[in-house]
There are 2 protein chains.
Amino acid sequence: MMAEALSGSLEDYLEAIFFIEQQKQAARAKDIAQRLQVNHSSVTGALRTLSQKGLINYSPYDLITLTTKGRNVAKDIARRHEVLRHFLEDVLDVPPELAEETACKMEHVVRGEVLERFVKFIEFIEVSSRAGAGWVQCFHKYYSREWDEEECKKCLAGEKGVKKSCQEGSTGDHG
Amino acid sequence: MMAEALSGSLEDYLEAIFFIEQQKQAARAKDIAQRLQVNHSSVTGALRTLSQKGLINYSPYDLITLTTKGRNVAKDIARRHEVLRHFLEDVLDVPPELAEETACKMEHVVRGEVLERFVKFIEFIEVSSRAGAGWVQCFHKYYSREWDEEECKKCLAGEKGVKKSCQEGSTGDHG
DNA sequence: CTAAAATTTTAGGCAAACCTAAATATTGGA
DNA sequence: TCCAATATTTAGGTTTGCCTAAAATTTTAG
């Protein structure tokens, strides 16, 4: 009963349709081709396959919409993408464009149990930060070489005087 | 001069040869096929390609060794693999086999700048832990639902009394 | 040394994804 | 309405990476 896994490529098509559907009523081949930077004729083939798998409503020259099943699968893909992008960009402080690009590839290989670990990990970091450690900011300082081990050990251990220096100027000017 | 990127598949072959070379003097097609779970005839094709690219010493029926260039590339792949495996297994606490399997796929999409962020991030976590927070252990508690937000906020903020409870029984019995 | 066993390569195929070029269908404006 | 512009599909081809089966080579054991 469990549908067999989609290829990375088909996941990309489905995800693209999902986002285009959110902006317009329905997707058209042109939009998909543009978004994925592939030839129009490549789209046709992918649409046929997705249609066969019951993930989209499609017939030649027709508008393209997701089926209920397709929308669920697409949502899952989009969630993976978003979780990974968020981790890369806001925890590892990878520059936005690179984070986006990397998440795009990771989303096809990180699933299920591993993805949920990422989710919990991000949650945890956010709670930790709320707890007062300014933890992520400290990391951003760390790799950007503004790190003073003694000072930050204290910071991480919760001493008030130094904590501030780890929390200000956070978003990482890594140049 | 910069060699064009290898496909994920070819990276797998190169990495396999690297590990087999460490165990024996040289690799043979049989070993590679077994390690990668592919047919012998698939190996032949990959060897030809890697040879053409100057990454391995190879001629039909001969033993297989890495060239200097090939060894450098292979080391880089192996490093990516190891960094990611380490992160998944020891930070996210993903079960070893799944961590291994996932790292195997991630290694082909996480490179350069992003990989170095992972490296720094792991370093940072280790320093943080040394600083006394038992940070990773706290995370393992967190997702395994033994988490008490109030208690652990204090823990992360460095209060001595509660810190201990976050640090004991660490390695995550997440069942 | 030689025949059987093991190993490796070749030959031929298949499927996924992509491409270009050439139809075909749809749509909007005169 | 009908033509031109736009959009889409079909036809045919390439590359990558895998497979099976058969041939070729090397190794090993008697």
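Tutor: We take the DNA contacts, then a pair of helices. This is a predicted model, in which local features need pLDDT of at least 70, side-chain atom pairs count only at pLDDT 80 or more, and totals for chains, interfaces and linings use all residues. Residues are numbered from 1 along each chain as its sequence is written, chains are lettered from A and ligands numbered from 1 in the order in which they are written, and side-chain values use heavy atoms, with hydrogens and water left out.

Student: Which residues come nearest to DNA strand C?

Tutor: A:Ser7, A:Ser42, B:Lys30, B:Arg48 and B:Tyr58, of the 18 residues around DNA strand C. A residue is near a strand if one of its heavy atoms lies within 4 Å of it.

Student: What does A:Ser7 reach with its side chain?

Tutor: An N or O atom there is 2.3 Å from a phosphate oxygen of DNA strand C.

Student: New topic: at what angle do helix 1 and helix 2 of chain B cross?

Tutor: Roughly 115 degrees, with axes that come within 10 Å. Axes are lines fitted to C-alpha atoms, for helices over the stretch in contact, and angles run from 0 to 180 degrees between N-to-C directions. Helices (H or I, at least four residues) and strands (E, at least two) are DSSP runs, numbered from the N terminus.

Student: Which residues make the contact?

Tutor: Among them are B:Tyr13 and B:Phe19 of helix 1 and B:Ile32 and B:Leu36 of helix 2 of chain B. Contact means heavy atoms within 4.5 Å.

How values were computed: A polar contact is a pair of N or O atoms within 3.5 Å; within protein, one must be able to donate a hydrogen and the other to accept it, and residues adjacent in sequence count only if both atoms are side-chain atoms.
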